[in-house]
Amino acid sequence: MKFVVCVKQVASLDEEFELLEGGGVDSDFVEWELNEWDTFSLEAALALRESGEGEGGEVVAVTVGEQEAEEALLACLARGADRAVRVWDESLQGADPLAVARVLAAVVERESPDLVFCGVQSSDAVTGSTGTALAGYLDMARVAVVTALSYDAPSSTLTVDRELESGLVEVVRIGLPALLTIQTGINEPRYATLRAIKQAREKPLVTYGLEDVGLDAGAVGVAAGAHTIELQTPERGAGAQLLDGSPAEVAARIVEIVQERMSG
Amino acid sequence: MARDPKYDVLFEQVQIGPKTLKNRFYQVPHCIGAGSEKPGMQAYHRGIKAEGGWAALCTEYCSIHPESDDTSRLSARIWDEGDVRNLAAMCDRLHEFGALAGIELWYGGPHAPCMETRHNPRGPSQIASDYELNIFPRYMDADDIATVHQMYVDAAVRAREAGFDIVYVYGAHAYLPFQFLSPYYNRRTDEYGGSFENRARFWREALYKVREAVGDDCAIASRFAVDHLMGPVSIEAQKDGARFVEYADDLVDLWDFTVGDIAEWGQNAGPSRFFEENHEKPYSGTIKPGNHTNKPVVGVGRVTNPDTMVAIVRSGQFDLIGAARPSISDPFLPKKIEEGRFDDIRECIGCNQCISRWEIGGPPLVCTQNATAGEEYRRGWHPEKFHPAANREKSVLVVGAGPAGMECAMVLGKRQMEAVHLVEAEREIGGCVNWISLLGHSDGRPNLHRGTARGLGEWKRIVNYRQIQLDKLRNVEIHTGSRLSAEDVRNYGAEIVIVATGCHYATDGLNAATHAPIPGADTSLDWQMTPDEVALGSKEVGRRVLVLENEGYFMGASIAQKLAGEGREVTLVTQAKEIAGYMEYTLEAPMLHRDLHRLHVDMHVYTMIERIEPGVCHAYNVWDPEHKHEFEVDSVVLCTARLSNQELYREVKADKGRLDQEGIEAVYVIGDASAPRMIVDSIFDGHRLAREIDSPHPEMPLPFIRERRLWGEASNEDYLRQLANTADVALV
Ligand SMILES: Cc1cc2nc3c(=O)[nH]c(=O)nc-3n(C[C@H](O)[C@H](O)[C@H](O)COP(=O)(O)O)c2cc1C
Ligand code: SF4
């Protein structure tokens, strides 16, 4: 079996940061890392490959991103992915989920995997739409927000759980090929040993431009629907009161406030 | 980052007599094991704190004359020109950073056993010390009083010559001036005893004379225990305490307030186990708000929280934030507050290991949180500066994230090793601290004296600080919930492997008293258990419990406290002469004993268990083994011996061929995994290895600078001239 895992290098902000004019965060205050959801989707793919059913499969990690995004791919290779593909073109600067999905779709079509894994969302942009848009472009069956999965080889079907409101679980059976967006907590992502991290550098990692995957900048531009105008911090809400002092003093003050409110 | 204006108040200048403090952070006098004998240690320990932003740093108590000699403990001394020279090194160092230097002039009275000088201390009344064994002072007549006053004056003049800016007359901890003031010590009937004015006379005169001598050049300070915590038999804050402050206010430029005495000075240097932050507030914190003084006041109370500091100053409790332990644990506390780096503050955990070394007699101080404390000069360690390791391209695997492993990985990270992996079997990092910090509680009721068995929760700061630091280090990865086998370690791809897998309690009663297991001891049985099983609640404990305590530190007593606090009948047995002997050194013992007594814990010292049977422990007296005793019990807790978890280390190390094959260049073992020890020493061990990871033989500590006179090195003439000038030799 062949698995494509779509991943993203996300920005994580320091506690304190500064915004740039025109939408963006000063890169001094940003650290880059593999999107947390993607660690779970990668683990799901690796686990499936290692289980009896998926044995012998290949796991390909794919990202759309600049040179630095190779860190995310190396993290996937170190954890056990077999190959990695990065696609980039300057026209993708600031691309929205639809544009990214359009590019990913081109890669997935060339790889023609049995299963495509995405994270439910990315921790920095939080649109939660790339996976679903990708399924749309691929015209592929999709299950979103997956919290458990098992594969039945004879019938080539997947049984997956989805979490609904009020603790309900929807159990879905689905044939291949299919696309799953994976929720955190579905498994325990493995980590890479120092040796695996070193060896990751030896694994194949190719970089494509848009034309390499049969796209032109125009097509991607058409796909793109939205772009960021500005980032801003919310106004500090009224009604919050900050208490100063030692823990004991703060606690005493809270008790007072609660008593005031309850008696009033 | 710029300072939050909220904390601006902490950085205001304060005038004390002729001197100006640049901010409100003040290191009160505390011992470090340097005195005047180790000028390098003295200068660099205080100097690092001056660099870290403290406005003033004081010596430890500093003897003014050979007849106030505290040997076997270690004080500073300002007896002669040699001491002036050695202490000047500290003053110079502090002045380089714009900090003031304070000296705490000390005359101990009967609390000074004079074991080195063989003088005889003088005191207000001839009552033996309540702290020393069998030390009686000589009764001071009017001549003696004048003589001792002159000792203060001469010492103050020498202190000024050394470069000190603040000169104390030390009257806290029940030393001589306080002995005159307190009717508990002072039974005199002359003009130095009886009425308040008479009892206060000695102290007032000492202050007056010191002020006359050096007051134009130096700020005059006095340290005063405003409450002896003994009730009406001695000084009480609201009575003679406040009154004395008013009475001597004109003679000081700075008051330094504390509580208690030396016999139980854990009431002042309160361990976190019983006392919370700012615990002296009900006593020393009432003097300033009660308008009893017009002078700046410094006070203490293990204050590490910047918000508490602001509250203290704003409420008028104290003008200066005094700190001993918070400054040991984090010499850069002021700088970190100034720079808004709150999550870098290494908060004191209140374990009092620092104090234990003074209590033991004067080895260099240690600190659980700050492994560089005391090492600033002799090992050249800086708490905040780490030079890049020469072998930083080597990848490192640290197995086990307890105290030693966390510290080691953190320091390796700070030394810019390119890749450090810290791998922990449990879900959380912290090792034994995670369960030890659950102990120390009993039933939550106030103790007999003051304070409560509030537990060792603050010890968790060991983990919190390191977790935060490790999370910031991009070159260190932490992986939890991953138990590595020897084969996993070999295949890990690390060039340096550091094993920090901790230790476990003996399950068969193996102990230091008999050097053998105890027949019948077996914690695989459901009614016998190890302390960690009790702490984590993994076994049912019966109504009648016997706790066997062979370790001599906090474990057995803590288990007894917990179980008794939960309502069980507890028998606590030790082969030693006292329960939890080391807690005498950490000053936790008095409060511990009040709690154990209150909880009706039945204690048996000099007692050992020879055999355990269902329902009964057979005991004997260690001095008279034929003297037997039987304890009927439902459960037994064995705090006997600890054993290193060494298997991983041994197994990995054994196969030399594989090590070569896998590119593993070195395998080290640290902390409890090497040999069980106290947490303070595990952290030191991890720190030491990381500091010296690029030395020729990292497993062997590098030699440190030893401060001693060298025969032949300095000047033999020096030694011989001194000998020649001694009375007997000169005569011959
Ligand atoms: C290691 C150590 C040694 C001390 N030695 C002295 C001393 O020599 N003279 C003195 O007046 N107080 C001494 N103290 C008491 C401190 O000055 C202080 O009053 C006490 O520790 C409470 O302050 P803290 O809570 O900030 O530690 C010592 C404290 C420590 C921790
Ligand atoms: S040894 Fe313990 S009590 Fe002393 S300063 Fe360090 S952390 Fe605080």
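Biologist: Which of the 22 residues around ligand 1 come nearest?

Modeller: This is a predicted model. In it, B:Pro29, B:Glu104, B:Arg223, B:Arg302 and B:Arg325 come nearest to ligand 1.

Biologist: How do I read a polar contact?

Modeller: Look for a pair of N or O atoms within 3.5 Å. Take B:Arg223 here: a polar atom of its side chain lies 2.7 Å from an oxygen atom of ligand 1. B:Arg325 also uses its side chain, with an N or O atom 2.7 Å from an oxygen of the ligand. For B:Arg302 the atom is a backbone N or O, 2.5 Å from a ligand oxygen.

Biologist: How much of the accessible area of ligand 1 does the protein cover?

Modeller: On its own, ligand 1 has 590 Å² of accessible area, and the protein covers 98% of that. The space that ligand 1 takes is the largest cavity.

Biologist: Which helices and strands of chain B supply at least two residues each to that shell?

Modeller: Strand E4 (56-63), helix H8 (325-329) and helix H10 (353-360) do. By type, the shell has 13 nonpolar, four polar and five charged residues.

Biologist: Now ligand 2. Which residues are closest to it?

Modeller: B:Cys348, B:Cys351, B:Asn352, B:Cys354 and B:Cys367 are the closest of the 14 around ligand 2.

Biologist: Which element gives the most to the shell around ligand 2?

Modeller: H8(B), with three residues. H10 of chain B also supplies at least two.

Biologist: And how do the residues of this shell divide?

Modeller: Seven are nonpolar, six polar and one charged.

Technical notes:
Residues are numbered from 1 along each chain as its sequence is written. Chains are lettered from A and ligands numbered from 1 in the order in which they are written. This is a predicted model: local features need pLDDT of at least 70, side-chain atom pairs count only at pLDDT 80 or more; totals for chains, interfaces and linings use all residues. Side-chain values use heavy atoms; hydrogens and water are left out. A residue is near a molecule or strand if one of its heavy atoms lies within 4 Å of it. A polar contact is a pair of N or O atoms within 3.5 Å; within protein, one must be able to donate a hydrogen and the other to accept it, and residues adjacent in sequence count only if both atoms are side-chain atoms. Accessible areas come from the Shrake-Rupley method with a 1.4 Å probe; for residues, only the protein chains shown count as cover. On a 1 Å grid over the protein atoms alone, a cavity is a set of points where a 1.4 Å probe fits but cannot get out, and a pocket is an open set with protein on both sides within 12 Å along at least five of seven lines; lining residues have an atom within 4 Å of a point. A molecule sits in a cavity or pocket if more than half of its atoms lie within 2 Å of its grid points. Helices (H or I, at least four residues) and strands (E, at least two) are DSSP runs, numbered from the N terminus. Ala, Val, Leu, Ile, Met, Phe, Trp, Tyr, Cys and Pro count as nonpolar, Asp, Glu, Lys and Arg as charged, and the others, Gly among them, as polar.
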